Amino acid sequence: MRRTLALTAIAASIALVSAAPVAQARDQIRIVGSSTIFPLTTKVAEHFAKSTNAPAPVVESTGSGGGFKLFCGGIGEQFPDIVDASRPITGSETAICAANSVHDISEIKIGYDGIVLLGSRNAPTMELSARQLYLAMARTIPVKGASVPNPNVKWSDVDPTLPDLKIRVYGPPPTSGTRDLMGQLLLDKGCATFSDIANLESSDPDSFRLLCRTIREDGAYIEAGENDRLVINKLEKDPTSYGVMGFNNLERNRDKLQGITINGVEPDYETILDGSYPGSRALYLYVKDAHQQLVQSLGDFVTTYVSDAVIGEDGLLAENGLVPLPVDERQDTLTQAAKFAGN
């Protein structure tokens, strides 16, 4: 009998230790991720706190890649509960999550945005093709069959019809989802207009991505961190420079900024939603399901985020210059988020 009681006590102790990371509840939700979605998520956090009297979630702008790195670190109070991301999670990130026992992750699409090249209202207007953008931004480009360091100093070196201005573009760092998708959505398209490189996409995809998405580091492209407001200020002060940012920055600052046409398509609500603008992208929340046991208000926050007040046609998402989901996709989102209702 004593032996049975002792074994039972040991088993109970082991169970408590193994459950400790989730059992250690905290009051505040922790969110990391995209600088593009950061202004929206901050407002949703404020709205949530006012409407529920729960503590306002802590929201950090880390970039999508930086957010996934923190999110996938493990289960427990020291790890974030949500990533707001301007791109889908990658296979390698999912593998890191799994290796750290982060298995049940809910992907919830919240809306659309576009990756745009912006200039101040006083900057020369340009209409670029994806090929021209690639020739301006890539570290190496094809010249006479060889890959050489990018020799283009001015936009007019790329094409004589473009402004006679030094190429100077402010943009996000490698940890940013905007940077990732700039390569995938825009630079890849321009790169693939060269037949020799296009053939690599199927035969050697790693080499294709390396050639197409590696950004120059000679001063033409300037990493500006995750602070979009800082980039906007720089564009206002220097009308000869441009910036790569989310469409919501253009929508919120049309009195100060202009969007650059890509492949003959202007960035606006309609072209982003129908996918005709080449830089169109979906936006997501990734939620750690196991953390519903850790933070009591997590389910209520997710429910708030997918409500009409946030992602509806006239909600906070639209007010922040982002593009609401069409009706059918919105229903899919509500279905995906339903499991958090009442939790």
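A cavity is a set of grid points where a 1.4 Å probe fits but cannot get out. In this predicted model, a search of the whole structure finds two cavities of 30 Å³ or more. The second largest cavity has a volume of about 40 Å³. Its lining is formed by Ile115, Val116, Leu117, Leu133, Met182, Leu186 and Val244. Strand β4 (105–120) and helix α7 each give two or more residues to this lining. The largest share, three residues, comes from β4. By class, the lining of the second largest cavity holds seven nonpolar, no polar and no charged residues.

The largest cavity contains about 60 Å³ of space. Its lining comprises Ser35, Thr36, Gly171, Pro172, Thr178, Ala224, Gly225, Asp228, Val231, Val244, Met245 and Gly246. Strand β10 provides the largest share, with three residues. The lining of the largest cavity divides into five nonpolar, six polar and one charged residues. Val244 is listed in the lining of the largest cavity and in that of the second largest cavity.

Helix α7 also takes part in a helix–helix contact. Helices α7 (residues 177–191) and α10 (residues 205–213) pack at an angle of about 95 degrees. Their axes lie 9 Å apart. Angles of 65 to 115 degrees count as roughly perpendicular, and α7 and α10 are therefore roughly perpendicular to each other. On the α7 side, the contact involves Gly183, Gln184, Leu187, Asp188 and Cys191. On the α10 side, it involves Phe208, Leu211, Cys212 and Arg213. The residues of this contact comprise five nonpolar, two polar and two charged.

Cysteine 212 was examined within this contact. This residue is found in helix α10. Cysteine 212 counts as buried because its relative accessibility is 0%. With neighbours within four places in sequence left aside, cysteine 212 is in contact with Tyr134, Leu187, Asp188, Cys191 and Ile197. Among them, Leu187, Asp188 and Cys191 belong to the α7 side of the helix contact. The C-alpha atoms of cysteine 212 and alanine 192 are separated by 8.2 Å. These two residues are 20 residues apart along the chain.

Histidine 291 was examined in a loop. The loop lies between β13 (280–288) and α14 (298–305). Histidine 291 is buried, with a relative accessible area of 0%. Beyond neighbours within four places in sequence, histidine 291 is in contact with Arg26, Gly74, Ile75, Gly76, Phe79, Pro80, Asp81 and Leu298.

The overall description covers the whole protein. The protein has 17 helices and 13 strands. Along its principal axes, the C-alpha trace spans about 90 × 45 × 35 Å. Buried residues account for 51% of the 343 residues. Of the contacts between residues at least 6 apart in sequence, 75% join residues at least 24 apart.

How values were computed. Residues numbered from 1 in each chain as written. Predicted model: local features only at pLDDT ≥ 70, side-chain atom pairs only at ≥ 80, totals over all residues. Heavy atoms only, no water. Axes fitted to C-alpha atoms, helices over the stretch in contact; angles between N-to-C directions. Helix = DSSP H or I, 4+ residues; strand = E, 2+ residues; numbered from the N terminus. Parallel < 35°, antiparallel > 145°, perpendicular 65-115°, else oblique. Contact = heavy atoms within 4.5 Å. Nonpolar A, V, L, I, M, F, W, Y, C, P; charged D, E, K, R; others polar. 1 Å grid on protein atoms, 1.4 Å probe; cavity = no way out; pocket = protein on both sides within 12 Å on 5 of 7 lines; lining within 4 Å. Points joined across faces, edges and corners; volume = space filled by probe spheres on them. Buried < 20%, exposed > 50% of the residue type's maximum accessible area, 1.4 Å probe, protein only.
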